[in-house]
Amino acid sequence: MAKKFYVVWRGRKTGVFTDWATTQRHVDKFPGAQHKSFMTRAEAEHAFKTGRPVPVGAAPVIKNAANRRSAKTNPASFDLQIYCDGACDPNPGNAGSGIAVYRAGKLAQLWYGLHNPDGTNNTAELNALHHALLMAEEAILVGQTAQVLCDSMYSINCVSKWAVGWEKKGWRKASGEIKNLEIIKATYVLYGRIESRLKLTHVSAHAGTEGNELADRMAMFAVQSKTKDLCRYREEIDVRTLLRMRAG
């Protein structure tokens, strides 16, 4: 049997692999996994480097946020769009957060950090949302319009729905302890300050939205680098290269 080479563009780990067993571990049950086999290493390495070809039925093509049009996400309507995401490996374990900032529909900044060695995916998502709201507040205070996009319905519901009732009941709920209470309280207060002038939007995870994908890569970069503070990503911002980084 001829030897095959396997490219993983999207998976737990990306790159060129020489056996299916290893490749399968990286793509099996990974949301939106994207991979393909090739007969030669040269073909595989070229495909990985260029990001092509995209196999039929694989994840959607990444589209720049400025070109995505929907009822929920219209970049022409906002001066500032902030995508936020969290990652944890394992869960619970090393957690980190990532943020992608767009100004006038164009990618402007990437941020990563807030590493917690004893975190969870939910704490990472909440931390990311908290700092995204802080950035949005700065813009709103100088008269700009802002939208924060988060793929965690848990985080969105915590600060925009559930916290209202929890506060009225003395920060308690019938089913028991409210997990992540301190960060929820802080984010709820922050959200309350800007709610009337902010658009908080849920975005599907790993669905090809550039901003969400980049925030995801930054969150995983924070996990891998164990960066405690929230830091601006200072390397060259090449979207194609960044999307080859490990996904969360």
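In helix α4, residues Y154, C158, V159, S160, A163, V164, W166 and E167 meet I184, T187, Y188 and Y191 of helix α5, where contact means heavy atoms within 4.5 Å. By class, this contact of α4 with α5 comprises nine nonpolar, two polar and one charged residues; Ala, Val, Leu, Ile, Met, Phe, Trp, Tyr, Cys and Pro count as nonpolar, Asp, Glu, Lys and Arg as charged, and the others, Gly among them, as polar. Helix α4 covers residues 153–168 and helix α5 residues 181–194, and the two pack at an angle of about 90° with their axes 9 Å apart. Axes are lines fitted to C-alpha atoms, for helices over the stretch in contact, and angles run from 0 to 180 degrees between N-to-C directions. The two helices are therefore roughly perpendicular to each other, a label that applies to angles of 65 to 115 degrees.

The model is predicted, so that local features need pLDDT of at least 70 and side-chain atom pairs count only at pLDDT 80 or more, whereas totals for chains, interfaces and linings use all residues. Residues are numbered from 1 along each chain as its sequence is written, and side-chain values use heavy atoms, with hydrogens and water left out.

The protein chain has seven helices and nine strands. Helices (H or I, at least four residues) and strands (E, at least two) are DSSP runs, numbered from the N terminus. Six of the strands form an open sheet in the order β8-β7-β4-β5-β6-β9, with mixed pairing; two strands pair if DSSP finds at least two bridges between them. At the edges stand β8 (198–202) and β9 (231–232), each with a single partner strand, so one side of each has no neighbour in the sheet.

Within this sheet, β4 (residues 80–89) and β5 (residues 93–103) run antiparallel and are joined by ten bridges. Y83 stands opposite A100 of β5, and G86 stands opposite S97 of β5. A hairpin of three residues connects β4 to β5. On β5 and β6, the pairing is again antiparallel, over nine bridges, with A95 opposite N116 in β6. These two strands form a hairpin with two residues between them, and A104 in the turn has a positive phi of about 55°.

Helix α6 (residues 210–225) lies across β4, β5 and β6 (106–119), running at about 145° to β5.

A second open sheet has three strands in the order β2-β1-β3, with antiparallel pairing. Its edge strands, β2 (15–17) and β3 (34–38), each pair on one side only. Neighbouring strands of this sheet are turned by 25° against each other on average, direction ignored. Strand β1 (residues 5–10) pairs with β3 over five bridges, and R10 stands opposite Q34 in β3. Helix α1 (residues 20–27) packs on the sheet and touches β1, β2 and β3, its direction making about 10° with that of β1.

For the protein chain as a whole, buried residues make up 48% of the 248 residues. Among contacts with a separation of 6 or more, 69% involve residues 24 or more positions apart.

Methods: Angles under 35 degrees count as roughly parallel, over 145 as roughly antiparallel, 65 to 115 as roughly perpendicular and the rest as oblique. Buried means under 20% relative accessible area, exposed over 50%, partly exposed in between (1.4 Å probe, protein chains only).
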